[in-house]
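Please examine the sequence and the structure shown below. The paragraphs that follow lead the reader through selected features.

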Amino acid sequence: AEDFKVTPWEVTGDIDYDVLMKRFGTTPIDEAMIKRIAKYGEVHPMLRRGIFYSHRDLGWLLDEYDKGNRFYLYTGRGPSGNTHLGHMMPWIFNKWVQDTFKVKMIFQMTDDEKFLFKDLTLHDTRDMAYENALDFVALGFDPDNTKIIVDTENIDRLYPIALRVAKKVTFSTAKDVFGFEGSSNIGKIFFTTLESAPAFLPSEIEGRPTPVVVPCGIDQDPHFRVTRDVAPGLGYPKPSMLYCKMCPSLNGGDKMSSSDEMATIYTTDTPKQVKKKVGRAFTGGCVSVEEQREKGGNPEVCAVFKYNYYLFEHDDAKLNEMAEKCRNGEILCGECKVALTSKINVFLEAHQAKREEAKEIVQKMAFDGFK
Ligand code: SF4
């Protein structure tokens, strides 16, 4: 069944990630690729566990790196609300890439996108760009090698590149790739050029063709298909892509989303809020304790288990033990939820402290300062 939809602005239905990869034409990250990556440092659990599971031209990027041609990292955020764990997941991975390969990074805030696609003012999206940037900075990116670019503030850096991209993309292509209709505002149609621009900015900064890798959610692929198509005609290398699955929702759905606040953990949540949300999470447990002791639970469908798998249990042996005990009915959902609540709260307490400190650093990392 292919009754799911994944676009940069909408995810519906149960996602089959293998089907999606085929639909988009991206390449699986296989064992051989993981082995190759292991030469540079300890492989991140998100790679080992197939959360970052697909790519474009990663082999070429590593070939260039081996020759001494360092790449830039580029990822971003559409600032439309508070940061939640689903946003943080790919950023945590980006931090690992920066540490492992010692590379420069560009983080783009597409406040213009959120203004065009949502019912928000430019003032709202600008404020959120700042708030979201604090969460990004709090993850500990290297302040000397990381720049945050806010579309409406740093447009002078992006606009000349965006224009050259725009001249190469026809309206028919935008319509085919993104499904725009006659009623779409024309800003939406132009916007994709702004998401292309930071993929080419490193070549402008360095003054030579510079490889770039973009680790992000696979929902962003439509933008980067356009970016990659126009790259050779503009004299830039095609950006390599590293794609992750969506961070699941606590309600058992495929994507954590602000549309269900009770199933979403925000970086600013209090321990009490986290306890309440995890307490209501969808699990693979049985209706009664007796039944679960007898038949066991199903970690495959359990949001509590998925949170350990995606973010909070890095130790494979411990994770396997949890699955095993669940299936055997040796643990119950109540205790699992208490354990996850405590892991999330330990993480958030440290993150919130670093988020405060980020207020000092964020100006240094902003391209031309936050106004
Ligand atoms: Fe999920 Fe734990 Fe319940 Fe198993 S016991 S279904 S892993 S919450």
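In this predicted model, the count of salt bridges comes to 23. Side chains of opposite charge can pair when their charged atoms come close. One of these pairs joins Arg228 to Asp57, with the closest N and O atoms 3.2 Å apart. Arg228 belongs to helix α11 (residues 221–234), whereas Asp57 is in the loop between β4 (52–56) and α4 (58–66); the pair therefore ties together parts that are 171 residues apart in sequence. The two partners may also be described by their accessibility. Arg228 has a relative accessible area of 10% and is buried, because that value is under 20%. Asp57, with a relative accessible area of 33%, is partly exposed.

Asp57 also deserves attention for its backbone. Most residues other than glycine have a negative phi. Asp57, although not a glycine, has a positive phi of about 55°. A positive phi, of about 50°, is likewise found at Lys102, which is not a glycine either. Lys102 is placed in the loop between α5 and β6. With a relative accessibility of 57%, Lys102 counts as exposed, because this value is over 50%.

The elements on either side of that loop may be considered in turn. In helix α5 (residues 85–101), Asp99 and Lys95 are four residues apart and are thus separated by about one helical turn. Their side chains meet in a salt bridge, at 2.8 Å from N to O. Asp99 is partly exposed, its relative accessible area being 36%. Phe101 is also found in helix α5, but this residue is buried, with a relative accessible area of 5%. From Phe101 to Gly78 the separation is 23 residues in sequence and 26 Å in space, taken from C-alpha to C-alpha.

Lys104 lies in strand β6 (residues 104–109) and Glu206 in helix α10 (residues 186–206), so that the pair links distant parts of the chain, 102 residues apart. Lys104 is partly exposed, with a relative accessible area of 37%, and Glu206 is partly exposed as well, with 29%.

Salt bridges can also be joined to one another. Which residues are linked in a network of salt bridges? The network consists of Arg36, Asp63 and Asp66.

The surface also has a nonpolar feature. Ile155, Tyr159 and Leu163 make a nonpolar surface patch of about 250 Å². Tyr159 lies in helix α8, which comprises residues 155–166. The relative accessible area of Tyr159 is 40%, and the residue is accordingly partly exposed.

The space that the ligand takes is the largest cavity.

Conventions: Residues are numbered from 1 along each chain as its sequence is written. This is a predicted model: local features need pLDDT of at least 70, side-chain atom pairs count only at pLDDT 80 or more; totals for chains, interfaces and linings use all residues. Side-chain values use heavy atoms; hydrogens and water are left out. A salt bridge is a side-chain nitrogen of Lys or Arg within 4 Å of a carboxyl oxygen of Asp or Glu. Helices (H or I, at least four residues) and strands (E, at least two) are DSSP runs, numbered from the N terminus. Buried means under 20% relative accessible area, exposed over 50%, partly exposed in between (1.4 Å probe, protein chains only). Patches are made of residues with over 30% relative accessible area and no salt bridge: like charges are joined within 9 Å, nonpolar side chains (Val, Leu, Ile, Met, Phe, Trp, Tyr) within 5 Å. Accessible areas come from the Shrake-Rupley method with a 1.4 Å probe; for residues, only the protein chains shown count as cover. On a 1 Å grid over the protein atoms alone, a cavity is a set of points where a 1.4 Å probe fits but cannot get out, and a pocket is an open set with protein on both sides within 12 Å along at least five of seven lines; lining residues have an atom within 4 Å of a point. A molecule sits in a cavity or pocket if more than half of its atoms lie within 2 Å of its grid points.
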